Amino acid sequence: ALAPMIRDHGIDRVHAVGGLYTDFWQTLPPSVRGFHASDVDQLYARLRDTLRDGDILLFKGSHGSDLHHLVDRLKSDAEKGITVSEPGQTAPVFTFG
């Protein structure tokens, strides 16, 4: 049910964490498939290599998914002024896990 909503609402990229989201991630159009990470640490490493200043992120997950730790790390990086890439175009990024 999520894949059609993502396709129909102009979402640029979707990342997923964990084996429970493999089937969901595979139903997404290839143009919006982001990373499918095995855990939050792997997703953090991948996002750090690709995020650009101005990107918009939405995280969706249960407390047990530990996505809040990923958010904390990314916020801390931003507050410290840690950047990996040059400023880019604003691109909504949705992460499920």
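## Helix 3 against helix 4

In this predicted model, helix 3 (residues 40–50) and helix 4 (residues 67–79) have axes that come within 9 Å and cross at roughly 30°. Angles under 35 degrees count as roughly parallel, and helix 3 and helix 4 are therefore roughly parallel to each other. The handedness of their crossing is right-handed. Two packed helices are described by the angle between their axes and the distance between the axes.

On the helix 3 side, the residues that meet helix 4 are Val 40, Asp 41, Leu 43, Tyr 44, Leu 47 and Arg 48. Their counterparts in helix 4 are Leu 67, Leu 70, Arg 73, Leu 74 and Asp 77. Sorted by class, this contact holds seven nonpolar and four charged residues, with no polar ones.

## Nonpolar cores

The largest nonpolar core has eleven residues.

Helix 3 gives the most, with four residues. There is also a second, separate core of nine residues, among them Ala 3, Ile 11, Ala 16 and Trp 25. In soluble globular proteins, nonpolar side chains tend to be buried together.

Asp 39 sits in the loop between strand 2 and helix 3. With a relative accessible area of 35%, Asp 39 is partly exposed. The C-alpha atoms of Asp 39 and Val 17 are separated by 5.6 Å, although the two residues are 22 apart along the chain. From Asp 39 to Ala 16, 23 residues apart along the chain, the C-alpha separation is 9.1 Å.

Asp 66 is found in the loop between strand 3 (56–60) and helix 4. Its phi is positive, at about 65°, although Asp 66 is not a glycine. The relative accessible area of Asp 66 is 35%, so this residue counts as partly exposed.

## The chain overall

The protein chain contains four helices and four strands. Read from the N terminus on, the elements follow the order α-β-α-β-α-β-α-β. The chain has 97 residues, of which 33% count as buried. For contacts between residues at least 6 apart in sequence, 56% join residues at least 24 apart.

Terms used:
Residues numbered from 1 in each chain as written. Predicted model: local features only at pLDDT ≥ 70, side-chain atom pairs only at ≥ 80, totals over all residues. Heavy atoms only, no water. Axes fitted to C-alpha atoms, helices over the stretch in contact; angles between N-to-C directions. Helix = DSSP H or I, 4+ residues; strand = E, 2+ residues; numbered from the N terminus. Parallel < 35°, antiparallel > 145°, perpendicular 65-115°, else oblique. Left-handed = near helix turned anticlockwise from the far one by under 90°. Contact = heavy atoms within 4.5 Å. Nonpolar A, V, L, I, M, F, W, Y, C, P; charged D, E, K, R; others polar. Core = buried A, V, L, I, M, F, W, Y, C linked by side-chain atoms within 4.5 Å. Buried < 20%, exposed > 50% of the residue type's maximum accessible area, 1.4 Å probe, protein only.
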